[in-house]
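Subject: Structure for you to look at

Dear colleague,

I am handing over the structure below, together with notes on what was found in it. Please read the notes with the structure open beside them.

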Amino acid sequence: MEQLLHYVWKHKIFPLKELTTTTGQQLEIIDTGLANRNAGPDFFNAKIKLDGVLWVGNIEIHQSSSDWTKHGHHQDAAYDNVILHVASNIDSEVYRSTGEAIPQFMLECPRHIRDNFEELSLTDSYPPCYRIIPTLSSFMIHSWMSALQMERFGQKNAQFIERLRFYNGHWEDAFFMTLARNFGFGLNGDAFETWAKHINLRYVDKHRDNLFQVEAFFFGQAGILSDRDGDEYYLKLKREYEYLAHKFELSPMDVTRWRFLRLRPSNFPHIRIAQLASLYHRSYGLLSQLLEQTTLNGIRKLLRGGTSEYWVNHYVFGGNTTSHPKTLSDSSIDLLIINTIIPCLYAFGIHKGKEQLCLRATSFLEELKPENNHIIRMWSQCGLKVSHAGDSQALIQLKKEYCDKKKCLYCRIGYEYLKQKKKS
(Lines give C-alpha, C1' and ligand atoms only; values in the text may rest on other atoms or scores of the structure.)
Protein backbone atom coordinates (compact mmCIF):
# COMPACT_ATOMS: atom_id res chain seq x y z
CA MET A 1 0.00 0.00 0.00
CA GLU A 2 1.42 3.32 -1.13
CA GLN A 3 0.14 5.11 1.95
CA LEU A 4 2.27 2.87 4.16
CA LEU A 5 5.35 3.50 2.01
CA HIS A 6 4.85 7.23 2.61
CA TYR A 7 4.79 6.50 6.33
CA VAL A 8 7.95 4.32 6.19
CA TRP A 9 9.79 6.96 4.17
CA LYS A 10 8.71 9.89 6.37
CA HIS A 11 9.81 8.15 9.57
CA LYS A 12 13.03 6.76 8.04
CA ILE A 13 12.21 3.14 8.73
CA PHE A 14 14.99 1.88 6.48
CA PRO A 15 16.82 -1.49 6.44
CA LEU A 16 19.82 -1.70 8.76
CA LYS A 17 22.28 -2.04 5.90
CA GLU A 18 24.02 0.12 3.35
CA LEU A 19 21.44 1.71 1.06
CA THR A 20 21.87 1.68 -2.70
CA THR A 21 19.84 2.63 -5.75
CA THR A 22 18.71 0.00 -8.25
CA THR A 23 21.80 0.79 -10.36
CA GLY A 24 24.19 0.33 -7.42
CA GLN A 25 24.79 3.96 -6.43
CA GLN A 26 25.50 4.49 -2.73
CA LEU A 27 22.50 6.26 -1.19
CA GLU A 28 22.52 8.38 1.96
CA ILE A 29 19.22 9.90 3.03
CA ILE A 30 19.90 13.12 4.94
CA ASP A 31 16.39 14.64 4.98
CA THR A 32 13.25 12.88 3.74
CA GLY A 33 11.65 16.24 2.92
CA LEU A 34 8.34 17.88 3.68
CA ALA A 35 5.22 15.80 3.02
CA ASN A 36 2.95 17.25 0.34
CA ARG A 37 -0.78 16.47 0.51
CA ASN A 38 -1.62 18.50 -2.59
CA ALA A 39 -0.85 18.00 -6.27
CA GLY A 40 2.77 17.39 -7.20
CA PRO A 41 5.60 15.21 -5.85
CA ASP A 42 4.99 13.47 -2.51
CA PHE A 43 7.86 15.09 -0.57
CA PHE A 44 9.43 18.50 -1.16
CA ASN A 45 12.98 19.68 -0.50
CA ALA A 46 14.54 16.36 0.42
CA LYS A 47 18.31 16.00 0.76
CA ILE A 48 20.16 12.87 -0.32
CA LYS A 49 23.65 11.88 -1.37
CA LEU A 50 24.31 9.69 -4.40
CA ASP A 51 27.88 8.35 -4.43
CA GLY A 52 28.82 11.17 -2.08
CA VAL A 53 27.28 13.97 -4.20
CA LEU A 54 24.59 16.07 -2.48
CA TRP A 55 21.23 16.36 -4.22
CA VAL A 56 18.36 18.60 -3.12
CA GLY A 57 14.93 18.18 -4.62
CA ASN A 58 11.68 16.24 -4.46
CA ILE A 59 10.73 12.60 -3.84
CA GLU A 60 7.96 10.62 -5.52
CA ILE A 61 6.68 7.32 -4.06
CA HIS A 62 4.68 4.56 -5.75
CA GLN A 63 3.76 0.97 -5.03
CA SER A 64 5.32 -0.05 -8.37
CA SER A 65 7.75 1.99 -10.42
CA SER A 66 5.57 1.49 -13.52
CA ASP A 67 2.97 3.71 -11.78
CA TRP A 68 5.23 6.65 -12.70
CA THR A 69 4.28 6.25 -16.36
CA LYS A 70 0.68 5.22 -15.64
CA HIS A 71 0.18 8.51 -13.77
CA GLY A 72 1.73 10.52 -16.60
CA HIS A 73 4.65 11.89 -14.58
CA HIS A 74 7.03 11.17 -17.48
CA GLN A 75 5.24 13.91 -19.44
CA ASP A 76 4.77 16.37 -16.56
CA ALA A 77 7.47 19.01 -16.07
CA ALA A 78 6.29 19.47 -12.45
CA TYR A 79 8.05 16.17 -11.71
CA ASP A 80 11.35 17.05 -13.42
CA ASN A 81 12.85 18.09 -10.07
CA VAL A 82 12.32 14.62 -8.54
CA ILE A 83 15.77 13.43 -7.46
CA LEU A 84 14.75 9.95 -6.29
CA HIS A 85 11.86 7.64 -7.12
CA VAL A 86 10.88 5.25 -4.31
CA ALA A 87 8.85 2.06 -4.85
CA SER A 88 8.45 -1.34 -3.25
CA ASN A 89 8.25 -3.06 -6.63
CA ILE A 90 10.78 -2.01 -9.25
CA ASP A 91 9.34 -3.17 -12.55
CA SER A 92 10.46 -0.42 -14.94
CA GLU A 93 12.78 2.53 -15.40
CA VAL A 94 11.46 6.07 -14.84
CA TYR A 95 12.30 9.20 -16.80
CA ARG A 96 11.78 12.95 -16.57
CA SER A 97 9.89 14.77 -19.33
CA THR A 98 13.34 15.60 -20.75
CA GLY A 99 14.11 11.89 -21.18
CA GLU A 100 16.64 11.84 -18.35
CA ALA A 101 16.57 8.74 -16.11
CA ILE A 102 15.76 9.16 -12.42
CA PRO A 103 17.53 7.09 -9.71
CA GLN A 104 15.28 4.58 -7.94
CA PHE A 105 15.31 3.09 -4.46
CA MET A 106 13.43 -0.09 -3.57
CA LEU A 107 11.74 0.34 -0.19
CA GLU A 108 9.70 -2.37 1.44
CA CYS A 109 7.22 -1.86 4.26
CA PRO A 110 8.29 -3.93 7.31
CA ARG A 111 5.98 -6.84 8.07
CA HIS A 112 5.13 -5.71 11.62
CA ILE A 113 4.00 -2.30 10.32
CA ARG A 114 1.76 -3.89 7.70
CA ASP A 115 0.26 -6.23 10.28
CA ASN A 116 -0.34 -3.43 12.79
CA PHE A 117 -1.93 -1.25 10.13
CA GLU A 118 -4.28 -4.06 9.13
CA GLU A 119 -5.30 -4.42 12.78
CA LEU A 120 -6.09 -0.73 13.01
CA SER A 121 -8.06 -0.83 9.77
CA LEU A 122 -10.04 -4.02 10.37
CA THR A 123 -10.63 -4.30 14.12
CA ASP A 124 -14.24 -3.92 15.29
CA SER A 125 -13.34 -2.29 18.61
CA TYR A 126 -13.32 1.49 18.86
CA PRO A 127 -10.93 3.17 18.98
CA PRO A 128 -8.81 0.38 17.47
CA CYS A 129 -5.64 1.58 19.22
CA TYR A 130 -7.17 1.32 22.70
CA ARG A 131 -4.82 -1.35 24.03
CA ILE A 132 -1.68 0.75 23.59
CA ILE A 133 -3.03 3.92 25.24
CA PRO A 134 -2.18 2.93 28.87
CA THR A 135 1.46 2.38 27.85
CA LEU A 136 1.97 5.86 26.36
CA SER A 137 4.05 8.44 28.21
CA SER A 138 2.31 11.43 29.74
CA PHE A 139 4.66 13.73 27.81
CA MET A 140 3.68 12.18 24.47
CA ILE A 141 -0.05 12.40 25.28
CA HIS A 142 0.24 16.00 26.50
CA SER A 143 2.13 17.15 23.41
CA TRP A 144 -0.34 15.42 21.05
CA MET A 145 -3.36 16.83 22.91
CA SER A 146 -1.85 20.33 22.72
CA ALA A 147 -1.30 19.95 18.98
CA LEU A 148 -4.86 18.68 18.48
CA GLN A 149 -6.27 21.60 20.46
CA MET A 150 -4.42 24.10 18.26
CA GLU A 151 -5.52 22.17 15.17
CA ARG A 152 -9.15 22.49 16.30
CA PHE A 153 -8.64 26.22 16.93
CA GLY A 154 -7.31 26.55 13.41
CA GLN A 155 -10.24 24.61 11.96
CA LYS A 156 -12.84 26.69 13.81
CA ASN A 157 -11.00 29.87 12.87
CA ALA A 158 -11.26 28.87 9.20
CA GLN A 159 -15.01 28.24 9.61
CA PHE A 160 -15.51 31.64 11.22
CA ILE A 161 -13.51 33.43 8.51
CA GLU A 162 -15.66 31.68 5.89
CA ARG A 163 -18.77 33.07 7.59
CA LEU A 164 -17.10 36.47 7.75
CA ARG A 165 -16.63 36.37 3.96
CA PHE A 166 -20.28 35.37 3.55
CA TYR A 167 -21.27 38.55 5.42
CA ASN A 168 -18.73 40.77 3.63
CA GLY A 169 -16.63 41.37 6.73
CA HIS A 170 -19.45 42.06 9.22
CA TRP A 171 -18.23 40.52 12.47
CA GLU A 172 -21.54 40.82 14.33
CA ASP A 173 -23.33 38.90 11.56
CA ALA A 174 -20.69 36.16 11.41
CA PHE A 175 -20.83 35.89 15.19
CA PHE A 176 -24.63 35.71 15.16
CA MET A 177 -24.56 32.82 12.66
CA THR A 178 -21.98 30.97 14.80
CA LEU A 179 -24.03 31.56 17.94
CA ALA A 180 -27.26 30.51 16.22
CA ARG A 181 -25.73 27.28 14.92
CA ASN A 182 -24.55 26.33 18.38
CA PHE A 183 -27.95 27.13 19.86
CA GLY A 184 -29.06 24.05 17.91
CA PHE A 185 -26.89 22.00 20.27
CA GLY A 186 -26.10 19.41 17.62
CA LEU A 187 -29.40 18.07 16.31
CA ASN A 188 -30.70 21.40 14.97
CA GLY A 189 -27.33 22.98 14.23
CA ASP A 190 -27.79 22.95 10.44
CA ALA A 191 -31.35 24.27 10.73
CA PHE A 192 -30.25 27.14 12.96
CA GLU A 193 -27.46 28.08 10.55
CA THR A 194 -29.95 28.13 7.68
CA TRP A 195 -32.28 30.23 9.84
CA ALA A 196 -29.48 32.70 10.60
CA LYS A 197 -28.97 33.22 6.86
CA HIS A 198 -32.62 34.32 6.68
CA ILE A 199 -32.11 36.95 9.39
CA ASN A 200 -31.03 40.37 8.16
CA LEU A 201 -29.73 42.03 11.33
CA ARG A 202 -29.92 45.49 9.73
CA TYR A 203 -33.69 45.07 9.54
CA VAL A 204 -33.97 43.60 13.03
CA ASP A 205 -31.91 46.46 14.47
CA LYS A 206 -34.61 48.93 13.46
CA HIS A 207 -36.94 47.20 15.95
CA ARG A 208 -34.41 45.92 18.44
CA ASP A 209 -35.80 47.85 21.40
CA ASN A 210 -39.08 45.89 21.11
CA LEU A 211 -38.73 42.23 22.18
CA PHE A 212 -42.12 41.33 20.72
CA GLN A 213 -41.07 42.55 17.27
CA VAL A 214 -37.73 40.75 17.53
CA GLU A 215 -39.64 37.55 18.30
CA ALA A 216 -41.90 38.20 15.30
CA PHE A 217 -38.80 38.53 13.08
CA PHE A 218 -37.14 35.43 14.49
CA PHE A 219 -40.15 33.09 14.62
CA GLY A 220 -41.48 34.30 11.29
CA GLN A 221 -38.20 33.73 9.46
CA ALA A 222 -38.03 30.27 11.05
CA GLY A 223 -41.27 29.39 9.23
CA ILE A 224 -42.99 28.72 12.54
CA LEU A 225 -45.75 31.30 12.04
CA SER A 226 -47.31 29.65 8.98
CA ASP A 227 -50.39 28.07 10.64
CA ARG A 228 -53.69 29.92 10.34
CA ASP A 229 -54.94 29.10 13.83
CA GLY A 230 -53.33 29.46 17.24
CA ASP A 231 -53.64 31.12 20.62
CA GLU A 232 -53.86 34.86 21.08
CA TYR A 233 -50.10 35.39 21.41
CA TYR A 234 -49.39 33.30 18.32
CA LEU A 235 -51.91 35.20 16.20
CA LYS A 236 -50.58 38.54 17.41
CA LEU A 237 -47.02 37.48 16.48
CA LYS A 238 -48.26 36.24 13.10
CA ARG A 239 -49.91 39.59 12.31
CA GLU A 240 -46.77 41.46 13.36
CA TYR A 241 -44.60 39.25 11.18
CA GLU A 242 -46.88 39.73 8.18
CA TYR A 243 -46.44 43.49 8.63
CA LEU A 244 -42.65 43.16 8.91
CA ALA A 245 -42.48 40.71 5.99
CA HIS A 246 -44.30 43.19 3.78
CA LYS A 247 -42.15 46.10 4.99
CA PHE A 248 -38.80 44.33 4.43
CA GLU A 249 -39.82 41.84 1.73
CA LEU A 250 -38.96 38.87 3.95
CA SER A 251 -39.08 35.20 2.98
CA PRO A 252 -39.12 32.52 5.71
CA MET A 253 -37.10 29.31 5.68
CA ASP A 254 -38.63 25.88 5.14
CA VAL A 255 -40.22 24.89 8.46
CA THR A 256 -39.66 21.17 7.78
CA ARG A 257 -35.94 21.60 8.43
CA TRP A 258 -36.56 21.77 12.18
CA ARG A 259 -36.22 18.53 14.09
CA PHE A 260 -38.13 17.59 17.25
CA LEU A 261 -37.62 13.83 17.49
CA ARG A 262 -35.68 12.74 20.61
CA LEU A 263 -35.47 16.33 21.86
CA ARG A 264 -36.23 17.36 25.41
CA PRO A 265 -38.87 20.12 25.52
CA SER A 266 -36.30 22.60 26.88
CA ASN A 267 -34.31 22.11 23.67
CA PHE A 268 -37.24 22.64 21.27
CA PRO A 269 -36.49 25.18 18.50
CA HIS A 270 -39.26 27.44 19.88
CA ILE A 271 -37.45 27.80 23.22
CA ARG A 272 -34.03 28.30 21.66
CA ILE A 273 -35.36 30.96 19.27
CA ALA A 274 -37.13 32.72 22.16
CA GLN A 275 -33.85 32.69 24.14
CA LEU A 276 -31.94 34.10 21.16
CA ALA A 277 -34.57 36.81 20.68
CA SER A 278 -34.27 37.83 24.34
CA LEU A 279 -30.46 37.79 24.17
CA TYR A 280 -30.40 39.88 21.00
CA HIS A 281 -32.97 42.33 22.39
CA ARG A 282 -31.15 43.08 25.63
CA SER A 283 -27.50 42.94 24.46
CA TYR A 284 -26.70 45.57 21.85
CA GLY A 285 -23.25 44.97 20.41
CA LEU A 286 -23.10 41.52 22.03
CA LEU A 287 -19.85 40.51 20.33
CA SER A 288 -18.11 43.70 21.47
CA GLN A 289 -19.33 43.14 25.02
CA LEU A 290 -18.09 39.56 25.01
CA LEU A 291 -14.68 40.54 23.64
CA GLU A 292 -14.26 42.94 26.56
CA GLN A 293 -14.91 40.27 29.19
CA THR A 294 -11.78 39.02 30.95
CA THR A 295 -13.50 36.38 33.11
CA LEU A 296 -15.74 33.42 32.39
CA ASN A 297 -18.27 34.65 34.93
CA GLY A 298 -18.60 37.90 33.03
CA ILE A 299 -19.39 35.97 29.84
CA ARG A 300 -21.82 33.70 31.66
CA LYS A 301 -23.77 36.71 32.97
CA LEU A 302 -24.15 38.09 29.45
CA LEU A 303 -25.42 34.77 28.10
CA ARG A 304 -27.63 33.79 31.03
CA GLY A 305 -30.80 35.62 29.99
CA GLY A 306 -34.17 34.02 29.62
CA THR A 307 -37.25 34.52 27.46
CA SER A 308 -40.32 36.71 27.21
CA GLU A 309 -43.10 36.02 29.72
CA TYR A 310 -45.13 33.88 27.30
CA TRP A 311 -42.43 31.21 27.14
CA VAL A 312 -42.28 30.82 30.92
CA ASN A 313 -45.50 28.80 30.54
CA HIS A 314 -44.97 27.26 27.10
CA TYR A 315 -42.61 25.01 25.14
CA VAL A 316 -44.47 25.50 21.85
CA PHE A 317 -47.28 27.79 20.77
CA GLY A 318 -50.55 26.94 22.50
CA GLY A 319 -51.17 24.63 25.45
CA ASN A 320 -50.04 25.67 28.91
CA THR A 321 -47.22 23.96 30.77
CA THR A 322 -46.09 24.10 34.34
CA SER A 323 -44.64 27.54 35.00
CA HIS A 324 -40.90 27.25 34.54
CA PRO A 325 -38.39 29.97 33.50
CA LYS A 326 -36.66 28.94 30.26
CA THR A 327 -33.15 30.10 31.13
CA LEU A 328 -30.06 28.40 29.74
CA SER A 329 -28.54 25.82 32.08
CA ASP A 330 -24.97 26.20 33.32
CA SER A 331 -23.83 23.32 31.12
CA SER A 332 -25.52 24.82 28.05
CA ILE A 333 -23.88 28.18 28.66
CA ASP A 334 -20.46 26.55 28.99
CA LEU A 335 -21.03 24.66 25.73
CA LEU A 336 -21.85 27.97 24.03
CA ILE A 337 -18.65 29.45 25.46
CA ILE A 338 -16.59 26.48 24.22
CA ASN A 339 -18.10 26.32 20.74
CA THR A 340 -18.95 29.97 20.05
CA ILE A 341 -17.32 32.56 22.30
CA ILE A 342 -13.84 31.05 22.53
CA PRO A 343 -13.50 30.34 18.77
CA CYS A 344 -14.73 33.85 17.94
CA LEU A 345 -12.35 35.35 20.49
CA TYR A 346 -9.50 33.38 18.93
CA ALA A 347 -10.52 34.29 15.35
CA PHE A 348 -10.78 37.99 16.25
CA GLY A 349 -7.35 37.85 17.87
CA ILE A 350 -5.81 36.22 14.80
CA HIS A 351 -7.54 38.57 12.35
CA LYS A 352 -6.72 41.74 14.28
CA GLY A 353 -3.24 40.66 15.37
CA LYS A 354 -4.15 40.76 19.08
CA GLU A 355 -2.25 37.91 20.67
CA GLN A 356 -3.73 38.60 24.11
CA LEU A 357 -7.19 37.57 22.82
CA CYS A 358 -5.81 34.26 21.52
CA LEU A 359 -4.13 33.64 24.87
CA ARG A 360 -7.37 34.51 26.67
CA ALA A 361 -9.26 32.01 24.51
CA THR A 362 -6.76 29.27 25.39
CA SER A 363 -6.89 30.22 29.07
CA PHE A 364 -10.70 30.08 29.11
CA LEU A 365 -10.63 26.56 27.64
CA GLU A 366 -8.31 25.39 30.38
CA GLU A 367 -10.54 26.95 33.06
CA LEU A 368 -13.69 25.21 31.85
CA LYS A 369 -14.66 21.69 32.84
CA PRO A 370 -14.38 19.09 30.06
CA GLU A 371 -17.44 18.32 27.98
CA ASN A 372 -19.42 15.23 28.89
CA ASN A 373 -20.42 13.33 25.76
CA HIS A 374 -20.00 9.86 24.29
CA ILE A 375 -16.70 10.78 22.61
CA ILE A 376 -15.08 11.94 25.84
CA ARG A 377 -16.46 9.00 27.80
CA MET A 378 -15.04 6.63 25.18
CA TRP A 379 -11.53 8.05 25.47
CA SER A 380 -11.75 8.12 29.27
CA GLN A 381 -12.58 4.41 29.28
CA CYS A 382 -9.47 3.82 27.18
CA GLY A 383 -7.30 5.49 29.80
CA LEU A 384 -6.92 9.04 28.48
CA LYS A 385 -7.35 11.55 31.30
CA VAL A 386 -9.40 14.65 30.57
CA SER A 387 -8.71 17.60 32.85
CA HIS A 388 -10.39 20.57 31.15
CA ALA A 389 -12.29 21.67 28.05
CA GLY A 390 -9.06 22.04 26.08
CA ASP A 391 -8.52 18.30 26.50
CA SER A 392 -12.08 17.43 25.51
CA GLN A 393 -11.82 19.61 22.40
CA ALA A 394 -8.57 17.86 21.50
CA LEU A 395 -10.18 14.42 21.84
CA ILE A 396 -13.18 15.46 19.73
CA GLN A 397 -10.70 16.58 17.07
CA LEU A 398 -8.85 13.27 17.37
CA LYS A 399 -11.97 11.19 16.79
CA LYS A 400 -13.53 13.28 14.03
CA GLU A 401 -10.41 14.11 12.03
CA TYR A 402 -8.29 11.00 12.58
CA CYS A 403 -10.25 8.00 13.88
CA ASP A 404 -13.40 8.51 11.79
CA LYS A 405 -11.32 9.21 8.67
CA LYS A 406 -8.96 6.27 9.33
CA LYS A 407 -5.97 8.61 9.32
CA CYS A 408 -3.98 6.45 11.75
CA LEU A 409 -0.79 7.10 9.77
CA TYR A 410 -0.99 10.79 10.66
CA CYS A 411 -1.84 10.25 14.34
CA ARG A 412 0.86 10.14 17.01
CA ILE A 413 -0.96 7.37 18.86
CA GLY A 414 -1.21 5.50 15.56
CA TYR A 415 2.53 6.01 15.06
CA GLU A 416 3.26 4.40 18.42
CA TYR A 417 0.90 1.54 17.60
CA LEU A 418 2.40 0.87 14.16
CA LYS A 419 6.01 0.74 15.26
CA GLN A 420 5.50 -1.80 18.05
CA LYS A 421 6.83 -5.29 17.45
CA LYS A 422 4.85 -8.11 18.96
CA LYS A 423 6.53 -10.81 20.96
CA SER A 424 6.55 -14.13 19.16
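Thr135 sits in the loop that joins α3 to α4, where helices (H or I, at least four residues) and strands (E, at least two) are DSSP runs, numbered from the N terminus. With a relative accessibility of 61%, Thr135 counts as exposed; here buried means under 20% relative accessible area, exposed over 50%, and partly exposed in between, with a 1.4 Å probe and protein chains only. Although Thr135 and Glu416 are 281 residues apart in sequence, their C-alpha atoms are 9.8 Å apart in space.

Before going further, please note that this is a predicted model, in which local features need pLDDT of at least 70 and side-chain atom pairs count only at pLDDT 80 or more, while totals for chains, interfaces and linings use all residues. Residues are numbered from 1 along each chain as its sequence is written, and side-chain values use heavy atoms, with hydrogens and water left out.

Gly40 belongs to the loop between β2 (34–35) and β3 (43–50), and at 22% relative accessibility Gly40 counts as partly exposed. Leaving aside residues up to four places away in sequence, Gly40 touches Glu60 and Tyr79, contact meaning heavy atoms within 4.5 Å. Gly40 and Tyr79 are 39 residues apart in sequence, and from C-alpha to C-alpha they are 7.0 Å apart. Ser283, in the loop between α10 and α11 (286–292), has a relative accessibility of 4% and therefore counts as buried. Its contacts, again without residues up to four places away in sequence, are Arg208, Gln289 and Leu302.

Turning to the helices, α17 (residues 412–419) has Ile413, Gly414, Tyr417 and Leu418 as buried residues. These cover an arc of only 135 degrees around the axis, which puts them on the same side of α17; the arc is that of the directions from the helix axis to the C-beta atoms. The buried residues of α17 pack against α1 (2–10), α3 (111–122), α4 (138–166) and α16 (389–403). In α1, the buried residues are Leu4, Leu5, Tyr7, Val8 and Trp9, and after α1 comes Lys12, which has a positive phi, near 55 degrees.

The interior comes next. A nonpolar core is a set of buried Ala, Val, Leu, Ile, Met, Phe, Trp, Tyr and Cys residues joined through side-chain atoms within 4.5 Å. The largest such core has 79 residues, and Trp195, Phe218 and Phe317 have the most contacts inside it. Its largest share, 11 residues, is supplied by α13. Apart from this core lies another, of 51 residues, which includes Leu19, Phe43, Leu398 and Ile413. As for Phe218, its contacts, not counting residues up to four places away in sequence, include Phe176, Trp195, Ile273 and Tyr280.

On a 1 Å grid over the protein atoms alone, a cavity is a set of points where a 1.4 Å probe fits but cannot get out, whereas a pocket is an open set with protein on both sides within 12 Å along at least five of seven lines; lining residues have an atom within 4 Å of a point.

The largest pocket has a volume of about 1600 Å³. It is lined by 50 residues, of which Asn182, Phe185, Gly186, Leu335 and Asn339 are the closest to its centre. The helix that gives the most to this lining is α13, with nine residues.

Five cavities of 30 Å³ or more are found in the structure. The largest cavity holds about 130 Å³ of space, and 14 residues line it, with Pro128, Cys129, Cys403, Cys408 and Cys411 nearest its centre. Both α16 and α17 supply at least two residues of that lining, and the largest share, three residues, comes from α16.

The second largest cavity has a volume of about 70 Å³, and among the residues that line it are Phe176, Arg208, Leu276 and Tyr280. The greatest contribution to its lining is made by α5, with four residues.

With best wishes

Key: Grid points are joined across faces, edges and corners, and a volume is the space filled by probe spheres set on the points.
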